Amino acid sequence: MFSTLDLVSMDKLEFVLIIAPLKESYEIARATLKVADEFKLSVKVCVMWPHGCDDVEVEESRSVLAPWTNYVNVEELPRVSGNSWWEMCRISRKNVILVRPDEHIAWRTEWDMVRDADSEVRGVFSQILCLNCHQT
């Protein structure tokens, strides 16, 4: 078993976006990768698959996230409690979580709260990078 903090690279400054393998979450992931490219930031997408998924399902990440390759598929381990990783964290699979390079959560939302993924993600990164901050 590993911690999701193991997904954060200690070798380089890299954001990690954690999603469930859902169509709407993939849309936010694609927007995140696109905006990160625009801002010249390193981002890795972590797709948290439920225990027992098959290779065909996991292959979906490649086709949905193309042309980007900076993602990792993680299959949950079976748990005695039967709870998924999402349930253990007390969040739903509708959540998307952006982890900063310093291992702090920068942003968390549910995909059904995002109307325009590109604008939302651009706003999040602008705020993180303080691009719209006013100096007094």
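This is a predicted model: local features need pLDDT of at least 70, side-chain atom pairs count only at pLDDT 80 or more; totals for chains, interfaces and linings use all residues.
Colleague: Why is Ser-61 called buried?

Modeller: Ser-61 has a relative accessible area of 0%. Buried means under 20% relative accessible area, exposed means over 50%, and partly exposed covers what lies in between (1.4 Å probe, protein chains only). Ser-61 is therefore buried. Residues are numbered from 1 along each chain as its sequence is written, and side-chain values use heavy atoms, with hydrogens and water left out.

Colleague: Which residues is Ser-61 in contact with, leaving aside its neighbours within four places in sequence?

Modeller: Contact means heavy atoms within 4.5 Å. On that basis Ser-61 touches Tyr-26, Val-47, Trp-49, Tyr-71 and Asn-73. Asn-73 is twelve residues from Ser-61 along the chain, and their C-alpha atoms are separated by 7.6 Å. Ser-61 itself belongs to helix 2, residues 55-65. Helices (H or I, at least four residues) and strands (E, at least two) are DSSP runs, numbered from the N terminus.

Colleague: What makes the pairing of the side chains of Ser-61 and Tyr-26 a polar contact?

Modeller: A polar contact is a pair of N or O atoms within 3.5 Å; within protein, one must be able to donate a hydrogen and the other to accept it, and residues adjacent in sequence count only if both atoms are side-chain atoms. The two side chains meet at 2.8 Å, and the pair qualifies as a polar contact. The side chains of Glu-14 and Ser-42 are likewise joined by a polar contact, of 3.5 Å.

Colleague: Why does Glu-14 count as buried?

Modeller: The relative accessibility of Glu-14 is 5%, so the residue counts as buried. Glu-14 is found in the segment before strand 1.

Colleague: How many helices and strands does the protein have, and what pattern do they follow?

Modeller: The protein has four helices and five strands. Read along the sequence, the pattern is β-α-β-α-β-α-β-β-α. Of the 136 residues, 38% are buried.

Colleague: How do you know that the span of helix 4 is close to the expected value?

Modeller: The expected span of a helix is 1.5 Å times one less than its number of residues. Helix 4 (residues 117-128) has twelve residues and reaches 16 Å from its first C-alpha to its last, close to the expected 16 Å. Helix 1, with 17 residues, reaches 24 Å, close to the 24 Å expected. Just after helix 1, Lys-40 takes a positive phi of about 60°, and just after helix 4, Cys-130 takes one of about 55°.

Colleague: Which residues of helix 4 are buried, and what covers them?

Modeller: The buried residues of helix 4 are Ala-117, Val-121, Val-124, Phe-125 and Ser-126. Their cover includes strand 1 (15-19), helix 1 (23-39), strand 2 (43-49), strand 4 (95-99) and strand 5 (105-110).

Colleague: What makes a group of residues a nonpolar core?

Modeller: A nonpolar core is a set of buried Ala, Val, Leu, Ile, Met, Phe, Trp, Tyr and Cys residues joined through side-chain atoms within 4.5 Å. The largest has 26 residues, and those with the most contacts inside it are Ile-19, Val-45, Trp-107 and Phe-125. Helix 1 gives the most to this core, with seven residues.

Colleague: Why are Phe-15 and Phe-125 called an edge-to-face pair?

Modeller: A pair of aromatic rings is described by the distance of the centres and the angle of the planes. Rings of Phe, Tyr and Trp (its six-membered ring) pair if their centres lie within 6.5 Å; planes under 30 degrees apart count as stacked, over 60 as edge-to-face and the rest as tilted. Phe-15 and Phe-125 lie 5.2 Å apart, centre to centre, with 90° between the planes, and the pair is edge-to-face. Phe-15 lies in strand 1 and Phe-125 in helix 4, so the pair ties together parts that are 110 residues apart in sequence. Phe-39 and Phe-125 also form an edge-to-face pair, at 6.5 Å and 90°. Phe-15, Phe-39 and Phe-125 form one aromatic cluster.

Colleague: Is Phe-39 buried or partly exposed?

Modeller: Phe-39 has 24% relative accessibility and therefore counts as partly exposed. Phe-125, at 0%, counts as buried.
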